[in-house]
Amino acid sequence: MTYGITVRRTVRTSVIGVTAAAAIGTGIAVSDTLSHSGRDSATTNAAAEAAATDRHVQQVAQPDVAEAAADVRASGGDADASRTRRICSDGAKWLRVRFDDLTLHAGDSISLMTARGKDLTLTSRNWQGKSFYTRALEGACLSVSPRLRHTGSSYAISAYQAGQHPLPQAEVTVAAAGDICGSACNQTDDVVTRINPAALITAGDNAYDRGSSSDYRQKYDPHWGKFNKVVHPSAGNHEYKTSGAAGYFGYYEAAGVPTGGRGKGYYSFDVGDWHLVALNSNISDSAGSAQGQWLKQDLTASTKPCTMAYWHHPRFSSGDHGDNSGSADLYKILTDHKADVVVNGHDHHYERFAPATADGKKDEANGLREFVIGTGGRTLYSSTHTSRGPSEVFNNKTFGVGEFRLSATGYKFAFRPVAGRTFTDSVEGTCHAKTRP
């Protein structure tokens, strides 16, 4: 037997909750302390923030996307555990389902199917015990077909998102820069404002010279603090000139901005059909470290077709500091999981590399395309080194911000200079095919 759930009202078109309570019928899942509308009430307690990050995979608000509540759930052993349910939204071009909980034992699975056939199967590899949104599936209807043989297996769908534009056109904008405040961050903040991103990522060294509380309060906050509702930071070596990067964590925690928690500083979230991973190159980041193990598990759990990572110290750079071999393990984990883009800072210049593996070999099919965007506002470096990576474009005379327009299949990138400068750069790329469970 098939059970249908159809919502014909467009119930929400702007801010989308990420920690939504399960609302029933045609209501809206709205409770989200990290959303644009609720960030002012976010907790400032580091332990609470870390717990929330562990429980929820944030889905950043996306333009022209409606959200409706649903109540689809079952547990292994229930009489109707294997029944198929349908979720539909009249006129939608695609649907993205929110699981409020997913607990699957080995061998159990949940298949999401559209008219085209099986599109996504969730297993015990994916986000166990967490709330998250799947990747988008094309069509106005999808079927939820569980295979629950173990009594301990269960799932609960509390909401879905419905796109109004065809999936290839459903772009989300992300802005990126590192090495920020800095004497020119009063210029680069204007660039971010013009880009108007759904999310802003920082590649570390956000507030000079020591990343102290006063550095953040007096230098960063007057210019880049206005973006705290959309910022997703990572830490640089200058943040760690203050013990434990206490100024960095304290500033963002007080603003309700996710950081991954003190002592870690790594975390992930979703933007459209992209999975973004903020990493911390100032702590142990070998393949066997806690961070390395977390990264492997995180990438395995994601259902998104595209992946971007960012941290401070670049694997490859033709600038003053040059290549950083310490980032090679993170880079290899990402290429092993078919990630697509990495953004770094540390060297104060802009540079684009061709897709490459961790040893610097150009590899369009498997490699990461790296961007060094250390142009956020700190004095630019003039000295250079030869990099092992396949550098394509280099400029160390222009402050600016990277703009990514992300779709379900790839990205369009442009370097946006500050007012009065003419250098720019652009490139497009297609996401690598990910291995499905």
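Phe316 sits in the loop between β17 and α6; helices (H or I, at least four residues) and strands (E, at least two) are DSSP runs, numbered from the N terminus. This is a predicted model, in which local features need pLDDT of at least 70, side-chain atom pairs count only at pLDDT 80 or more, and totals for chains, interfaces and linings use all residues. Residues are numbered from 1 along each chain as its sequence is written, and side-chain values use heavy atoms, with hydrogens and water left out.

Phe316 has a relative accessible area of 0%, so it is buried. Buried means under 20% relative accessible area, exposed over 50%, and partly exposed in between (1.4 Å probe, protein chains only). Leaving aside neighbours within four places in sequence, Phe316 is in contact with a set of residues that includes Asp323, Tyr331, Phe353, Glu370, Val372 and Arg388. Contact means heavy atoms within 4.5 Å. Ser327 is 11 residues from Phe316 along the chain, and their C-alpha atoms are separated by 9.0 Å.

## Overall content and confidence

The protein holds 6 helices and 24 strands. Of its 437 residues, 61% are buried. Among contacts between residues at least 6 apart in sequence, 76% join residues at least 24 apart.

The average pLDDT is 89, and 87% of the residues score at least 70. Residues 1–48 have pLDDT below 50; beyond near neighbours in sequence, this stretch has 122 contacts in the model. pLDDT is the predictor's confidence in each residue, from 0 to 100. Where pLDDT is low, the predicted coordinates should not be read in detail.

## The sheet of 8 strands

An open sheet of 8 strands runs in the order β2-β15-β16-β17-β18-β20-β19-β21, with mixed pairing. Two strands pair if DSSP finds at least two bridges between them. β2 (59–60) and β21 are the edge strands, each pairing on one side only.

β17 (306–310) has 5 of its 5 residues buried. Cys306, Met308 and Tyr310 lie on one side, Thr307 and Ala309 on the other; both faces are covered. β17 pairs with β16 in the parallel sense over 5 bridges. Thr307 is the bridge partner of His275. Another 3 bridges join β17 to β18 (residues 341–344), again parallel. There, Val341 is the bridge partner of Met308.

## β19 and its partners

Strand β19 (residues 350–353) points Tyr350 and Arg352 one way and Glu351 and Phe353 the other way; all are buried. β19 runs antiparallel to β20 (residues 369–373), joined by 3 bridges. Ile373 in β20 is the bridge partner of Tyr350. β19 also pairs with β21 in the antiparallel sense, over 4 bridges. Here Phe394 is the bridge partner of Glu351.

## Helix α5 on the sheet

Helix α5 lies across β15, β16 and β17 and runs at about 170 degrees to β16. Axes are lines fitted to C-alpha atoms, for helices over the stretch in contact, and angles run from 0 to 180 degrees between N-to-C directions.

The buried residues of α5 are Gln291, Gly292, Leu295, Asp298, Leu299 and Ala301. Their cover includes β15 (267–271), β16 (274–278), β17 and α6 (328–336). At 1.5 Å a residue, the 12 residues of α5 (residues 290–301) should span 16 Å, and the end C-alpha atoms are 16 Å apart, which agrees. The expected span is 1.5 Å times one less than the number of residues.

## Asn396, between β21 and β22

Asn396 lies in the loop between β21 (391–395) and β22. Its relative accessibility is 15%, so Asn396 counts as buried. The side chain of Asn396 reaches the backbone oxygen of Tyr381 at 3.2 Å. Not counting residues up to four places away in sequence, Asn396 touches His348, His349, Leu380, Tyr381, Ser382 and Thr384.

## The sheet of 6 strands

A second open sheet has 6 strands in the order β14-β13-β12-β22-β23-β24, also with mixed pairing. Its edge strands are β14 (231–232) and β24 (425–430), each pairing on one side only. β22 (residues 400–406) and β23 (residues 410–417) run antiparallel, joined by 7 bridges. Tyr411 in β23 is the bridge partner of Leu406.

Helix α2 (residues 185–195) lies across β12 (172–177), β13 (199–202), β22 and β23. The helix runs at about 20 degrees to β22.

Definitions and conventions
A polar contact is a pair of N or O atoms within 3.5 Å; within protein, one must be able to donate a hydrogen and the other to accept it, and residues adjacent in sequence count only if both atoms are side-chain atoms.
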